Amino acid sequence: MIFDTLMIIALCLLVLAIMANLYRVVKGPSSADRVQALDSVGINIIASIAVFSVFLHTHAFFDLILLIGILSFIGTTAFAKFLERGVVIERKR
Amino acid sequence: MSGSGEVIGAALILIGAVFSLISAIGNVRLPDVYTRSHAASKSSTLGVLCALLGTLLYFLISDGYFSIRLILGIFFVFLTAPVAAHMICRSAYRHHVPLAEGTVQDELKDYYMENENMELDSEDQIDVTEIESKPLATD
């Protein structure tokens, strides 16, 4: 069917996007580049899960979208705080 | 009946995938951290919003299944992706990651020169007093 073919094309585009972001993770000169590229990889994985659940025609993976969104944001925030201040959780008094 | 859902879903999902690919190309080709963050945060957020909206409309039209989790996912990604990009850019600027070659003007420099010195002094004082007062308190 043409619909499944379109979903596979979208998945291939998302895999290409993840590959390009992984190139930036490997090469990036500063560590802010790497964290930004990994955050972008997480967002692309969310889109891939959505496309894949349409491709399989199931509702079972919608929790994963929310979960990976929350985990990606928490990881990026923790790493940004670590790069900025040297600690993740500060000890104020 | 299910044909319109497939058409709308496929169109939105393809638009979202193309936006994600454009964002990744910008993330590879642009010259410094800040322009790369600009490309990576904005257009990949738009791409994932289009893909999730296409999924939502596909299941809504073809199955009649309205998923509140997808609405929450759209809302959460839309809320948090620019905040994450902002925090990464701020930490990069504080650690003096250089701007691109052709940069004309850096308006944040004076502000950060004043405020960062003040913040560093006060933090150092807080850390020193904390380290010195901790063993006394435990003894």
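## Salt bridges between the chains

In this predicted model, the side chains of A:Glu84 and B:Arg90 meet in a salt bridge at 3.5 Å, N to O, the term being used for a side-chain nitrogen of Lys or Arg within 4 Å of a carboxyl oxygen of Asp or Glu. Because A:Glu84 belongs to helix H3 (residues 62-85) of chain A while B:Arg90 belongs to helix H3 of chain B, the pair joins two chains; helices are DSSP runs of H or I with at least four residues, strands are runs of E with at least two, and both are numbered from the N terminus. A:Glu84 counts as buried at 11% relative accessibility, whereas B:Arg90, at 30%, counts as partly exposed. Here buried means under 20% relative accessible area, exposed means over 50%, and partly exposed lies in between, with a 1.4 Å probe and protein chains only. A network of salt bridges links A:Glu84 and B:Arg90 with B:Arg94.

A further salt bridge is formed by the side chains of A:Asp33 and B:Arg36, at 3.0 Å from N to O. This pair also joins two chains, because A:Asp33 lies in helix H2 (residues 31-56) of chain A and B:Arg36 in helix H2 (residues 33-62) of chain B. A:Asp33 is buried, with a relative accessible area of 3%, and B:Arg36 is buried as well, at 4%.

## A salt bridge in chain A and the total

The side chains of A:Arg85 and A:Glu90 meet in a salt bridge of 3.4 Å, N to O. A:Arg85 is partly exposed, its relative accessible area being 36%, and A:Glu90 is partly exposed at 30%. Over all chains, the count comes to five salt bridges.

## Helices of chain B

Chain B holds four helices and zero strands, and from the N terminus on its elements run α-α-α-α. Of its 139 residues, 40% count as buried.

Helix H2 of chain B has 30 residues and reaches 43 Å from its first C-alpha to its last, close to the 44 Å expected at 1.5 Å a residue, where the expected span is 1.5 Å times one less than the number of residues. This helix is mostly covered, with 21 of its 30 residues buried. Just after H2(B), B:Gly64 takes a positive phi of about 75°.

## Surface patches

On the surface, A:Val15, A:Met19, A:Leu22 and A:Leu38 form a nonpolar patch with about 360 Å² of accessible area together. Patches are made of residues with over 30% relative accessible area and no salt bridge, like charges being joined within 9 Å and nonpolar side chains (Val, Leu, Ile, Met, Phe, Trp, Tyr) within 5 Å; the areas come from the Shrake-Rupley method with a 1.4 Å probe, and for residues only the protein chains shown count as cover. Helix H1 (residues 2-27) of chain A supplies the largest share of this patch, three residues. A:Met19 is found in that helix and counts as exposed at 51% relative accessibility.

A patch of negative charge gathers B:Asp106, B:Glu107, B:Asp110 and B:Glu114 on the surface; Asp and Glu count as negative, Lys and Arg as positive, and His and the chain ends are not counted. The place of a charge is taken as NZ of Lys, CZ of Arg, CG of Asp or CD of Glu. B:Asp106 sits in the loop between helix H3 (68-94) and helix H4 (108-138) of chain B, and is partly exposed, with a relative accessible area of 31%.

## Basis of the values

Residues are numbered from 1 along each chain as its sequence is written, and chains are lettered from A and ligands numbered from 1 in the order in which they are written. Because the model is predicted, local features need pLDDT of at least 70 and side-chain atom pairs count only at pLDDT 80 or more, while totals for chains, interfaces and linings use all residues; side-chain values use heavy atoms, with hydrogens and water left out.
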